[in-house]
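Let's take a friendly look at a protein chain and the ligand that it holds. Keep the picture in view as you read.

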Amino acid sequence: MIQKKVCLFGASGVGKTSLVRQFVDGIFSDKYLTTIGVKVDKKRIECEQQDVQLMLWDIEGTDRYSVFQERYLRGASAYIVVVDQTRTSSLIEGMDIHTLAKQVNPCLTVLAVNKSDLEQHWHWNERQLDDYRALFNLSFTTSAKTGDNVERMFQQLAELLVAEHK
Ligand code: GDP
Ligand code: MG
């Protein structure tokens with residue numbers, strides 16, 4: 001079995017915990033429970049005839065001016081930057097985190113533009129967003145609420161991790 005550590009980063013409230021809940025347990029809740037520190041969940045999936053165990057590190061939302069928690073990146077094979085398409089500031093924060101995280105650990109990177117079930121509400125047009133997407137190995141528009149693209153995102157990430165592992 002291949003075991004891989006994957007971190008989730010992003011401003012608080014973007015849906016990191018909800019994405020993990022949807023992927024691991026198939027549930028969604030509207031209740032907002034702030035993650036304190038870090039919570040690690042495991043999920044085993046099959047990928048190219050291999051058992052892959054993803055260790056998902058759900059990390060407390062960082063505030064723009066707080067210290068980026070780079071120690072969580074130790075040993076990580078990938079990280080997912082989650083942004084909320086209803087909040088412009090979350091994209092700016094996400095890109096700041098990405099810039100810092102990439103310097104700490106040049107691992108695989110994923111952008112999750114979350115809350116696709118809600119109306120888009122930010123200043124960027126699709127072309128500008130494409131420029132941000134291009135900074136990541138993979139990018140998805142997700143909804144932790146409806147489950148749209150959630151499984152697909154983790155599955156495709158696992159495929160890259162397995163390919164890299166060989
Ligand atoms: P975190 O701070 O990044 O872990 O964010 P949470 O997962 O705690 O989510 C923050 C709030 O946004 C909660 O009230 C969730 O129910 C809500 N939320 C998360 N993902 C989605 C989504 O895809 N769609 C909608 N409509 N709400 C979401
Ligand atoms: Mg959380």
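The shell around ligand 1 is made of 6 nonpolar, 8 polar and 5 charged residues (Ala, Val, Leu, Ile, Met, Phe, Trp, Tyr, Cys and Pro count as nonpolar, Asp, Glu, Lys and Arg as charged, and the others, Gly among them, as polar). In total, 19 residues surround the ligand, and the closest are Gly13, Lys16, Ser18, Ser29 and Asp117; a residue belongs here if one of its heavy atoms lies within 4 Å of the molecule. This is a predicted model, in which local features need pLDDT of at least 70 and side-chain atom pairs count only at pLDDT 80 or more, while totals for chains, interfaces and linings use all residues. Residues are numbered from 1 along each chain as its sequence is written, chains are lettered from A and ligands numbered from 1 in the order in which they are written, and side-chain values use heavy atoms, with hydrogens and water left out.

| Residue | Part of the residue | Distance |
|---|---|---|
| Gly15 | polar backbone atom | 3.0 Å |
| Lys115 | side-chain N or O atom | 3.1 Å |
| Lys145 | backbone N or O atom | 3.4 Å |

Taken alone, ligand 1 exposes 580 Å², and the protein buries 92% of that (Shrake-Rupley method, 1.4 Å probe).

Which helix gives the largest share of the shell around ligand 1? Helix 1 (residues 16-25) does, with 3 residues. The whole chain has 4 helices and 6 strands, taken as DSSP runs (H or I, at least four residues, for helices; E, at least two, for strands), numbered from the N terminus. Along its principal axes, the C-alpha trace spans about 45 × 35 × 35 Å.

How values were computed. Polar contact = N/O pair within 3.5 Å; in protein donor to acceptor, adjacent residues only side chain to side chain.
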